[in-house]
Amino acid sequence: MGSDKQSRMTEYAFVFHLALLLFFGNQALAQIRYAIPEEVREGTVVGNVAKDLGLEITSLTERRLRVVSGTKGTFFEVNQDNGALHIHKKIDRELLCHGSGACLMELKILVENPLEMHHIVVEITDVNDNSPSFPEKEQVFEIAEHTLPGKRFQLHTARDPDAGVNSIRTYTLTSNEHFEVDIRQSDEDKIPFLVLKKSLDREKKNKHTLLVTAVDGGKPPKSGTLNVSIIVLDSNDNRPMFSQEIYQIEIQENIPVGTLIFKMNATDPDEGINGEIEYSLGKTLKKKVYDIFELDKLTGEIKVKGKVDYEENDVYKLDVEASDKGAPPLTGECRVVIKILDVNDNPPEIEITSLSNTVSEDSKIGTVISLLSVTDKDSGVNGKIISNINSNVPFELKPSYKENIYSVVTKEFLNREQVSHYEITIKATDCGEPPLSTFKTLNIRISDVNDNSPFFSQNPIEFYLVENNAAGISVFSVSATDNDLNNNAAIAYQIVRERSQHDITSFLNINSETGDISALKSFDFETLKTFQFQVVATDSGAPSLSSNVTVHVFILDQNDNAPVILYPVSSNGSAEGVEEIPRNVNAGHLVTKVRAYDADIGYNGWLLFSLQEVTAHSLFGLDRYTGQIRTLRSFTETDEAEHKLLILVKDNGNVSLSATATVVVKLVEPREAFAAADVKSASKDDEDNNVTFYLMITLGSVSTLFLISIIVLIAMQCSKSTDYTSKYLQETNYDGTLCHSIQYRSGDKRYMLVGPRMSIGSTIVPGSHANTLVLPDRRGTSTEVLK
């Protein structure tokens, strides 16, 4: 449509210009023809129209020489300076003209003054600027392999826009042995054909790739290519083939059911259903073969279907067929020979012919506890057996004179207290490949013998017993252990008695079964402070075994003694006395000193003095610790001549005990006082002698007890290798009262019961009933808690 519209516009312009020439000037009848090739550069001169039309060069501008040929005129321009016609825009002949005929462009040249119209024809000549091209890049043919030679297959026709000799001249084909190209001339077109010149074989080559080339006649020639693919279609012309006629395989007996033992692999070079293969067993085999083996018809896998036993049959022969699915199907055959290999499929058997389940722990080395035999149903190497004990036990296998007969004997001494039960695992292994093993476990119990004495976890044993215990009840207990069993571990306790006159054990009784020790009397700390004895623990074995332990008993003090007034004491034994002092004495004068004694020790024996009653509190004072009574001031005339003082003496026990003494102080004139002093001196001497006598007895008793304790503890220390010492140190601190401090050492602990004068740095331990102190250890830097 575009070219028709352009032609109509050209005709309209031509009519318009013709009308102008009729009315205004003369018509120009001359026509000029030029020829120029396509695709030349812009500005290329086609010809000099002014010169060819006979126009004067100098008047061209004035006469407005120009091209008025419509749209085609845009390709050309006239130079008004020299009248040359040149290319204004590049020209493509194939776009302007179709076909192989001459391509002519008619131009109209217009000049004015006078108005003239001139016709010019420009021929666009062809150049070989286009290559042949196919409508598709690739063409595919499917050809059956049984197609006969001479069969023709039309190829795509190539197109070339160029004309004349530049158009398509011929077709060529890549060299091959099966195809050639043939060209048929149709009018101006050349139609190519692919011709089969040799039969195809898909099994050799299933696809052929060719290259068809279209060549034009240009110089140099140009070409276009077409890829041609030939797919060879199959036909069933090949039977399935096995790689061997006979296959030989070996399998072991007892192979698991379902095991793949062989895979058939027949090949068929055909494709599709012609190459699909199905396998089957021959129809003439023994029935047993079908029970033991099966063949998968699709995969060709031969699997075990039943039990394979070498002892039943050592070889099987299977005929296998392979068929394709062509029409008609083709078949191939082969034979599979399966050889069965014997394997070690019978484990050894262990038979216990004699067994002692219980063995005494005092059995000698080499004692026989069991007899056994080992057998194996296999023969040869598979039936040869190696036996041993597989666990770490004090037993071993001892072979007999006959093969595979063994006895189990002890190889070490037994100890029930360490191991009371053994599991003996006997392993029998044959020499097959792989070896098979059998295990047998013997449960052996070790019986007990009385080979362990009773044992005390601590020796010696220390007990602390508070005095005034209730007679007849348990005060402490001993306990021993025995690692044996039953009667061998049943322990009876008894106290070792010396049968002497002063044997303290006569007051002790022990429960023979529990070891509880009871005291038959109440102990008094002031009489007995410590004692020791031995306890024997005996088991019930045959013969019995025993061991003893030394028991140290320390009596602990209680506040069971009230203070005793030593002075003043009257002739009738009451704690009363009369003291006469001069009226003219000064303040601080010693009137008298109250003396008292407490048989207890520590805080229980620590005495304190206090005034309970006094006629004049401003006259007399009493020292809390010494019992000294002194005047607080000088006497006056208004003071009474006689004063009565009631002194309370009490200890420091938890429940304190006390005693009272009465002192009557009489004030006399100095002369009477001296006379009275002479009269009283005699009686005073007697009283002092009595007091001194009592004091000596008391001190002697305490010293005797102290020496006895020292001797006993030294003897204990020398007789024992353990770090056990006990020392008693008794101090008599008499300053108005008699007090005691006893200290002793037990093992690595030091104990001290103190009197009223405590050493510097000692403190009372809370909860110790106020009679236990922490005594600084002078031997080291650490402080010990003394109990």
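Biologist: How many helices and strands are there in the protein?

Modeller: This is a predicted model, in which local features need pLDDT of at least 70, side-chain atom pairs count only at pLDDT 80 or more, and totals for chains, interfaces and linings use all residues. Residues are numbered from 1 along each chain as its sequence is written, and side-chain values use heavy atoms, with hydrogens and water left out. Helices (H or I, at least four residues) and strands (E, at least two) are DSSP runs numbered from the N terminus. On that basis the protein has five helices and 51 strands.

Biologist: What percentage of the residues in the protein is buried?

Modeller: Buried means under 20% relative accessible area, exposed over 50%, and partly exposed in between, with a 1.4 Å probe and protein chains only. The protein has 787 residues, and the buried share is 43%.

Biologist: Which residues have the most contacts inside the largest nonpolar core?

Modeller: A nonpolar core is a set of buried Ala, Val, Leu, Ile, Met, Phe, Trp, Tyr and Cys residues joined through side-chain atoms within 4.5 Å. The largest one has 28 residues. Elements giving two or more residues to this core include β16 (260–263), α4 (287–292) and β21 (331–341). Those with the most contacts inside the core are Ile261, Met264, Phe293, Leu318 and Ile338.

Biologist: Which residues is Ile261 in contact with, leaving aside its neighbours within four places in sequence?

Modeller: Contact means heavy atoms within 4.5 Å. With those neighbours set aside, the partners of Ile261 are Ile249, Ile251, Ile255, Phe293, Ile302, Val304 and Ile338.

Biologist: Is Ile629 buried or exposed?

Modeller: Ile629 sits in strand β43 (residues 628–631). Not counting residues up to four places away in sequence, Ile629 touches residues including His589, Phe620, Leu645, Ile647 and Val663. Because its relative accessible area is 0%, Ile629 is buried.

Biologist: Where does Pro434 lie?

Modeller: The peptide bond from Glu433 to Pro434 is cis, with omega near 0°. Pro434 is in the loop between β28 (421–430) and β29 (437–447).

Biologist: Is Asn486 buried or exposed?

Modeller: Asn486 is not a glycine, but its phi is positive, at about 50°. The residue Asn486 is in the loop between β31 (474–477) and β32 (491–496). Since its relative accessibility is 68%, Asn486 counts as exposed.
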